[in-house]
Amino acid sequence: RTRQQLILQDVGGIYLIKPAGGSCGDGISCVSSIEALISQAQQRQYKVVVQKYIERPLLVRGRKFDIRQWILITDTNPLTVYGFSRCYARFASESWNLNSLHNRFAHLCNFSVQTFSQQQDITADDFPPFQNNMWTCQQLAAFIDTTQEPGTFDSFVRPQLRQIAIAVATTAKKAGM
């Protein structure tokens, strides 16, 4: 049964579809229609993870990025979660463009994907280059605090990272993982 596709942020519905249990960016693709999403899921016998694509991401130097935050779950009853105090940012090596969903180097930030890109270590302003398409937590915080408002990283981003980590751990607990 197919439900009507919801359009978010007046841009359209774009989704990432990933093989369940996959790693290193293998088998990930962007799709822009519910029909393509269902077709790919059927081809993979529904052993997939579907993620809503953020259609208006915060960009750094025109590049998409994600934040990698490590957590440790030591118990599920009661749920006990520890977060590593530092995160890091992983960057796409090519400029973000919503009209080129096929370009893995613009839409996926996986280190394993980006190592095949010809564009590395981009420098364009007063901030450090993207060495290996990554920034430390401190470099990302400095950029966000400079381009937004001072203290934005600690007052807004870091609490959201904690909330996401707790939501993921809670979901894993409910799924019996």
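**Rings, sheet and helices**

Modeller: Phe91 has a relative accessible area of 0%, so Phe91 is buried (buried is under 20% relative accessible area, exposed over 50%, partly exposed in between, with a 1.4 Å probe and protein chains only). This is a predicted model, where local features need pLDDT of at least 70, side-chain atom pairs count only at pLDDT 80 or more, and totals for chains, interfaces and linings use all residues. Residues are numbered from 1 along each chain as its sequence is written, and side-chain values use heavy atoms, with hydrogens and water left out.

Biologist: OK, so how are the rings of Phe91 and Trp135 arranged?

Modeller: Their centres are 5.1 Å apart and their planes are at 80°, so the pair is edge-to-face. The rule: rings of Phe, Tyr and Trp (its six-membered ring) pair if their centres lie within 6.5 Å, with planes under 30 degrees apart counted as stacked, over 60 as edge-to-face and the rest as tilted.

Biologist: Where do Phe91 and Trp135 lie?

Modeller: Phe91 is in strand E5 and Trp135 in strand E6, so this pair ties together parts 44 residues apart in sequence. Helices (H or I, at least four residues) and strands (E, at least two) are DSSP runs, numbered from the N terminus.

Biologist: And is Trp135 buried or exposed?

Modeller: Buried, because its relative accessible area is 1%.

Biologist: How many aromatic pairs does that rule give?

Modeller: Three. In the Phe65 and Phe91 pair the ring centres are 5.6 Å apart and the planes at 40°, so that one is tilted.

Biologist: Which residues end up in the cluster?

Modeller: Ring pairs link Phe65, Phe91, Trp135 and Phe143. Phe65 counts as buried because its relative accessibility is 15%.

Biologist: Switching to the sheet, what's the strand order?

Modeller: It's an open sheet of three strands, ordered E4-E5-E6, with antiparallel pairing. Strand E4 (65-76) and strand E6 (134-136) are the edge strands, each pairing on one side only. Two strands pair if DSSP finds at least two bridges between them.

Biologist: How many bridges join E4 to E5?

Modeller: Ten, with E4 and strand E5 (residues 79-91) running antiparallel. Phe65 has Phe91 in E5 as its bridge partner.

Biologist: What does helix H4 touch on the sheet?

Modeller: Helix H4 (residues 137-147) packs on the sheet and touches E4, E5 and E6, and its direction makes about 90° with that of E6. H5 packs on the sheet too, touching E4 and E5, at about 125° to the direction of E5. Axes are lines fitted to C-alpha atoms, for helices over the stretch in contact, and angles run from 0 to 180 degrees between N-to-C directions.

Biologist: What does Val81 touch?

Modeller: Leaving out residues up to four places away in sequence, Val81 touches Ile71, Leu72, Ile73 and Ala169, contact being heavy atoms within 4.5 Å. Val81 lies in strand E5 and counts as partly exposed, because its relative accessibility is 29%.

Biologist: And which residues is Thr152 in contact with?

Modeller: Ile144, Asp145 and Val157, leaving aside neighbours within four places in sequence. Thr152 is in helix H5 (residues 152-174).
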